[in-house]
Amino acid sequence: MGYGESIPIKTRREIELMRLACRHVAEILLELRELVEPGITTLELDRWAEKAIGQRGVVSSFKGYDPHGLPRYPAVLCVSVNDEIVHGIPGRRELQEGDIVGLDFGVSSDGYHGDSAVTLPVGRIDAEAQALLDATRDALWRGIEQMVPGNRLSDIGHAVQGRAEEAGYSVVRVFAGHGIGSRLHEPPWIPNYGKPGRGPRLMPGMVFAIEPMVDAGRPEVRMLDDEWTAVTADGSLSAHFEHTILVTEDGPEVLTQVEGSH
Ligand code: MF3
Ligand code: CO
């Protein structure tokens, strides 16, 4: 994966292609949101997303993704329910009233990727679950606010962690945000925690996927036998929000945001 390499700076043409890929991601995620209700299976959400991909003539960034030494990712969507943190594989599970469900989705168009995730309530959820969703979304936006030229890379994770911990939650350590472009995962690796003022300076033309995973309990992770699904070791609820963001002279441009997005 090469997270130690230098951080790519996108050309104007590359930025245009990324805007397009990211708009597809944002629009499909918004449409998926309407389907989330008690009784729908996680596989039905995946099937629907795969159809939308086909209709738009874009390509899944996730299906067939081949991390070294793991099985290929088998679906176009990651669906992570309750204590599942990320990378839940769609299947026969039916969503139930009171669940929270993370939808993580990415496509490429003309070879450039967009990546975004949102965690949603299924029907009515309790106040604690809602507070976790609100804090995690807010933590993402605190990180995004740091994406101005001249800031340092670690300012992002520091801001994310501060927001999550001030609410009494913990940030997952073993997964992180990432650069994104002609590959889904590019340098740099962007932890959701850390001291401020460290690492490379942010420059216009850098594009990052920022994706806090926040646990109501402790941050430790356990992997399921499918080798993809990550759950909280203590069984606590976990939420995940993600956007793909371009650093511009004027600050962050959230490429996966359209009207109505998280
Ligand atoms: N947003 C997730 C990530 O960056 C999605 C990856 S799913 C995979 O880790 F299949 F592509 F791995
Ligand atoms: Co991502």
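1. A word on the metal first: donors here are N, O and S atoms within 2.8 Å of the metal (3.2 Å for Na, K and Ca), and since water is not among the atoms, sites may look incomplete. With that in hand, the cobalt ion (ligand 2) is coordinated by D115 (OD), H178 (NE2), E211 (OE) and E242 (OE), at 2.0 to 2.2 Å. Along the sequence, these donor residues follow the spacing D-x62-H-x32-E-x30-E.

2. Before going on, please note that this is a predicted model, in which local features need pLDDT of at least 70 and side-chain atom pairs count only at pLDDT 80 or more, while totals for chains, interfaces and linings use all residues. Residues are numbered from 1 along each chain as its sequence is written, chains are lettered from A and ligands numbered from 1 in the order in which they are written, and side-chain values use heavy atoms, with hydrogens and water left out.

3. What arrangement do the donor atoms around the cobalt ion (ligand 2) make? It is irregular, because the 6 donor atoms subtend angles of 70 to 167°. The cut-offs are these: four donors count as tetrahedral if all angles lie between 85 and 135 degrees; four count as square planar and six as octahedral if opposite donors are over 155 degrees apart and all others between 65 and 115; anything else is irregular. For reference, ideal angles for six octahedral donors are 90 or 180 degrees.

4. H178 lies in strand 7 (residues 177-179) and E242 in the loop between strand 13 (238-240) and strand 14 (243-248), 64 residues apart, so the pair links distant parts of the chain. Strands (E, at least two residues) and helices (H or I, at least four) are DSSP runs, numbered from the N terminus. H178 counts as buried because its relative accessibility is 1%, and E242 does too, at 0%. Buried means under 20% relative accessible area, exposed over 50%, and partly exposed in between (1.4 Å probe, protein chains only).

5. Strand 14 is mostly covered, with 6 of its 6 residues buried. H243, I245 and V247 point one way, T244, L246 and T248 the other way, and all are buried.

6. Now for the neighbours of strand 14. Two strands pair if DSSP finds at least two bridges between them. Strand 9 (residues 207-210) pairs with strand 14 in the antiparallel sense over 4 bridges, and F208 stands opposite I245. Strand 15 (residues 251-254) also pairs with strand 14 in the antiparallel sense over 4 bridges, with L246 opposite E253. A hairpin of 2 residues joins strand 14 to strand 15.

7. An open antiparallel sheet holds 3 strands in the order 6-10-13. Strand 6 (170-171) and strand 13 stand at the edges, each with a single partner strand, so one side of each is left without a neighbour in the sheet. Strand 6 pairs with strand 10 (residues 213-215) over 2 bridges, where S170 has D215 as its bridge partner.

8. Finally, the helices. Helix 3 (residues 127-145) and helix 4 (residues 154-166) pack at an angle of about 155°, their axes 7 Å apart. That makes the two roughly antiparallel; angles under 35 degrees count as roughly parallel, over 145 as roughly antiparallel, 65 to 115 as roughly perpendicular and the rest as oblique. Axes are lines fitted to C-alpha atoms, for helices over the stretch in contact, and angles run from 0 to 180 degrees between N-to-C directions.
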